[in-house]
Amino acid sequence: MFAPLLLGLSPLEGAVMGAVLAAVSPAVVVPRMVSMMENGIGTNKSIPQMIMAGASCDDIFVIVLFTTFAGMAQNGTGTVNWMDFVNIPVSILLGIALGALVGFLLNLFFEAAYRNKRYIRNSMKVIVILGVSFLLMAVESWLEGIVAVSGLLAVVSMACVVKIKSPEFVTKRLSEKFGKLWIAAEVILFVLVGAAVDIRYTLDAGLAAVGLIFLSLIFRSVGVLLCVAATKLSWKERLFCVIAYLPKATVQAAMGSVPLAMGLACGQMVLSVAVVAILITAPLGAIGIDVSCKRLLEIEKKC
């Protein structure tokens, strides 16, 4: 809506930029939600779990929309392939179903090994679960063009089923081990994000790009408030949900340079605005989550 007015782009190019800017950053949100779950912050109403699930779905929608708009802009036809939009709910449902099935089979495997006194160490379980997770992500690529399946949601769904079916002490130990792995993985992830960002393009964006980013954050905040309007969350908890959906980093770093590589006229501008969005919203959201989580959410007392 605002990119044509502020940056002089066409409506279709504005749609491409909107798809790039829309997604929340899992690199910023996920580790903080996991930490909150471990410390019992907001878990009485499952707020961290809700935000993580929403962020996963958010990225799927954005990637599909970006692919659709970028294809339209590259072809110059302006026509919409409606199957791309039909694939959104299909990929979500099939991803959840595939992950639930794999999680159920994994749990059967672990239980069968335990009954036969073939004890599997928790470290080995972590390796098995990681391997299956990578396999689920590969399935999404294998089935591309045949049927839409979300590998990310399949991994989340698998983990949920394993947690539900396994004893609490087992899932607690697995969660601790994955938390230790994330310490190293988080550093690698942010280094890769930084390596993908070209600071030179920030100077080309100007104040109009900054204004566009803050306008998009306003619309995102209103959207989050509408989504939680019918819930039993207090106004403080709703405010935290708004803050948690501000940061943008991973998806913007991955997709920001794609329009430029595709040869689109708007490519450099999209990359410039994506870089500025990362520099502004990633620290804003990360600091906002860290500072506000204990002030706005209830901390569950552990027995």
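Student: Where should I begin with a predicted model?

Tutor: Start with confidence. Where pLDDT is low, the predicted coordinates should not be read in detail. Here the protein averages a pLDDT of 84, and 92% of the residues score at least 70.

Student: Which elements have the lowest and the highest mean pLDDT?

Tutor: Helix α8 (residues 168-196) has the lowest, at 78, while helix α10 (residues 235-244) has the highest, at 94.

Student: Let's look at α6. Which of its residues are buried?

Tutor: In α6, the buried ones are N122, K125, V126, I129, V132, S133, L136 and V139. They lie on the same side of α6 because they cover an arc of only 135° around the axis. On the other side, I127, F134 and W142 are exposed. As for length, α6 (residues 122-142) spans 30 Å from its first C-alpha to its last, close to the 30 Å expected for its 21 residues.

Student: And the largest nonpolar core: which residues have the most contacts inside it?

Tutor: They are M17, F66, L212 and V273, in a core of 29 residues. Helices α1, α2, α4, α9, α11 and α13 each give two or more residues to this core, and α2 gives the most, with 6.

Student: What does F66 touch, leaving out residues up to four places away in sequence?

Tutor: F66 touches V16, A19, V20, M255, V258 and P259. There is also a second, separate core of 21 residues, including I51, F240, C241 and V242.

Technical notes:
Residues are numbered from 1 along each chain as its sequence is written. This is a predicted model: local features need pLDDT of at least 70, side-chain atom pairs count only at pLDDT 80 or more; totals for chains, interfaces and linings use all residues. Side-chain values use heavy atoms; hydrogens and water are left out. A nonpolar core is a set of buried Ala, Val, Leu, Ile, Met, Phe, Trp, Tyr and Cys residues joined through side-chain atoms within 4.5 Å. Buried means under 20% relative accessible area, exposed over 50%, partly exposed in between (1.4 Å probe, protein chains only). Helices (H or I, at least four residues) and strands (E, at least two) are DSSP runs, numbered from the N terminus. Contact means heavy atoms within 4.5 Å. pLDDT is the predictor's confidence in each residue, from 0 to 100. The expected span of a helix is 1.5 Å times one less than its number of residues. The arc is that of the directions from the helix axis to the C-beta atoms.
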